[in-house]
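Visitor: I am new to this structure. Please take one part and give me a close look at it, then show me what else there is to see.

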Amino acid sequence: MITFQSRQNHGTTVDLAKSRSFPVLHLVLSTVVVWSSSGCIQEESAPTLSNDGPGKSESSIRQRKVFTDVAKAVGLSFVHRAGSSQSYEFPRSMGSGCAWLDANGDHRLDMLLVNGGEEIDIGNIGQMASLYLQNPDGQFIDFSKESGLTGTGYGMGVAVGDIDNDGDVDIYLTKYGADQLFLNDGEGHFTDETQESGIVNPQWSTAAAFTDINHDGWLDLVVANYVDYFPGTFCADAGGRQDFCGPQDFHGTSNRLFMNLGSSEDGKVRFEDHSATSGIAAEPGKSLGIVCRDFNYDGEIDIFFANDGEPNQLWIQRNGTFTNEAVIRGAAVNRFGESEANMGTVVGDFCGDAEPDLLVTHLSGEMNTLWQGDSNGNFRDRTSEFQFGSDGLPFTGFGIVATDLDCDGGLDLIVANGKVKRDRHRKHATDGFWTDYAERNQIFLRVEDDFQELNDGTDGFCGPAEVSRGLAMGDFDRDGDFDLLVTNAGGMARLYRNDSEKTGHWLTVALQDSKRQRTVLGARVTVIADARQWSAEVLTHTSYLSSHEPTVHFGLGAVSVLTSVEVVWPDEPLMVEVFAAPATDQRVDLIRGSGIERRAASVEEVP
């Protein structure tokens, strides 16, 4: 979910109206810089920094209750299976993801957590994901054995979507090893349909996204592939001790695009590999994050890949073929012309100009980079203007989300942290393998024109030091704010209930298409109240290896009365449907075709 907000509605605005992407010549010249920051290797050589950030003390960080860990209280007992306890095989340090979904159609959110494996082996057999179903009393039961989510390889990420338009959500698991596509029977039982569907992806894959690339009403599949890793590779830290490898030690691989051909005569859904014909396979990368949306506002879905230690890719679509325009649009490298260890992704209006910006997490020693977007789909690095840049320097960020925690009308940031290499200046830990890599997580609260770091206590999101990776948002208790599901490498999963005090009103919107019998992904929702408005897109695949609840949440601040809600549906012809204004402080389900007005979408409105 992403939210673009007009800051004129929420106090002082950062004056960025004149900002644009770098001039093309500057960008082209910047790409000839030798990218010496080759992925994860930079973290090992970074200087030791206080866990509170440069020049900061714990007392200088704002203290406030936000999240409470309720995993044990509600029955979540998942522990990530990360392989042999002393193994330094690369995939162990990179996974895994999680998802919010309604697996059995009872209108309650369930949890899915991706497992690694007993060994780093493509032939490893086991439970690839654990499924926890929510009971009416808010407790979760472990439904993993009954779910059928078994397979081979080492698990990484998950994408959730209804690929056959039958009213229940299906699951795609990415892995070190062959990926798997599971179809749902509607009751939380899944069947492996990978081979029958025509999907073949044996590379080490990471993020994945279901999105309607060609607006035909059927969800297509985009898969990010990482590096050509082979087990047994020995890597060491500066002191000669064995440590995890980084991406600089391996070649990148090509990403994949599978187009959904729809239901055939036998009722099965088939996919066709368009990776080569579309153009996205032309440039191998080391991809960890994905954003699929219309970046240049021409009505077609584009694809952003966050690459680890290499320039990012921004594939702009023109009638089914894609061209990588990351360089000329300013999103390939940072403001110094350097590629960074790009990992997790989030999109939102962080600069206050009602245009979507792109924020990507990085290694310690690198700032989590903010690229400000403009109305033409160009970007400019504005990281240094915000406090979260320097505050993130000591940490390695993976999962990242943006939501209005307290409903004051401003987006806040949440980052899941955990190292991938030891700090050479830190004494080797003796109290557990993952202790050397553990870090606390971070929350950044929107305060006027900037973001101020916030600590929510020992039992909160920022409390434990762990090796956090996947991070997904969902309102499991239906109280009007997003809760967090977090995975930790080799550790317990965490469920953080949002206990923030609401300082304003809110609205949560879910979208349903009764004709296609499914929740709609990729639509844009705009909430209007007189001269104020808020927009968001239903993007479930951002963050890192994870999938959010398919809803959009709006913090409205002091606004208590709305004028209308407008939805741009994501298939052709692109239409705007206007719905009568709902009351605030509730969740509403908007059904396609039940609005009060329909019109053709303008260029500015297309999602």
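Guide: Start at Tyr172. Leaving aside residues up to four places away in sequence, Tyr172 touches Gly157, Val158, Ala159, Asp179, Gln180, Leu181, Ile199, Asn201, Ala208, Phe210, Leu221 and Val223. Contact here means heavy atoms within 4.5 Å. This is a predicted model: local features need pLDDT of at least 70, side-chain atom pairs count only at pLDDT 80 or more, and totals for chains, interfaces and linings use all residues. Residues are numbered from 1 along each chain as its sequence is written, and side-chain values use heavy atoms, with hydrogens and water left out.

Tyr172 belongs to the largest nonpolar core, which has 37 residues. Such a core is a set of buried Ala, Val, Leu, Ile, Met, Phe, Trp, Tyr and Cys residues joined through side-chain atoms within 4.5 Å. Buried means under 20% relative accessible area, exposed over 50%, and partly exposed in between (1.4 Å probe, protein chains only). Tyr172, Phe210, Leu221, Val509, Leu511 and Phe554 touch the most other members.

Now the cysteines. The count comes to one disulfide, taken as a pair of cysteine sulfur atoms within 2.5 Å. Cys235 and Cys245 form it, with their sulfur atoms 2.0 Å apart. The S-S torsion of Cys235 and Cys245 is about 95°, so the disulfide is right-handed. Both Cys235 and Cys245 sit in the loop between β15 (220-225) and β16 (256-263), ten residues apart. Strands (E, at least two residues) and helices (H or I, at least four) are DSSP runs, numbered from the N terminus. Cys235 is buried at 9% relative accessible area. Cys245 is buried at 2%. Cys351 is buried too, at 0%. Cys407 also counts as buried, at 0%.

Last, a sheet. Four strands form an open sheet, in the order β3-β32-β31-β30, with antiparallel pairing. Two strands pair if DSSP finds at least two bridges between them. At the edges are β3 (67-69) and β30 (468-474), each pairing on one side only. From one strand to the next, the twist averages 25°; axes are lines fitted to C-alpha atoms, for helices over the stretch in contact, and angles run from 0 to 180 degrees between N-to-C directions. Strands β31 (residues 483-488) and β32 (residues 494-498) run antiparallel, joined by three bridges. Val486 stands opposite Arg494 in β32.
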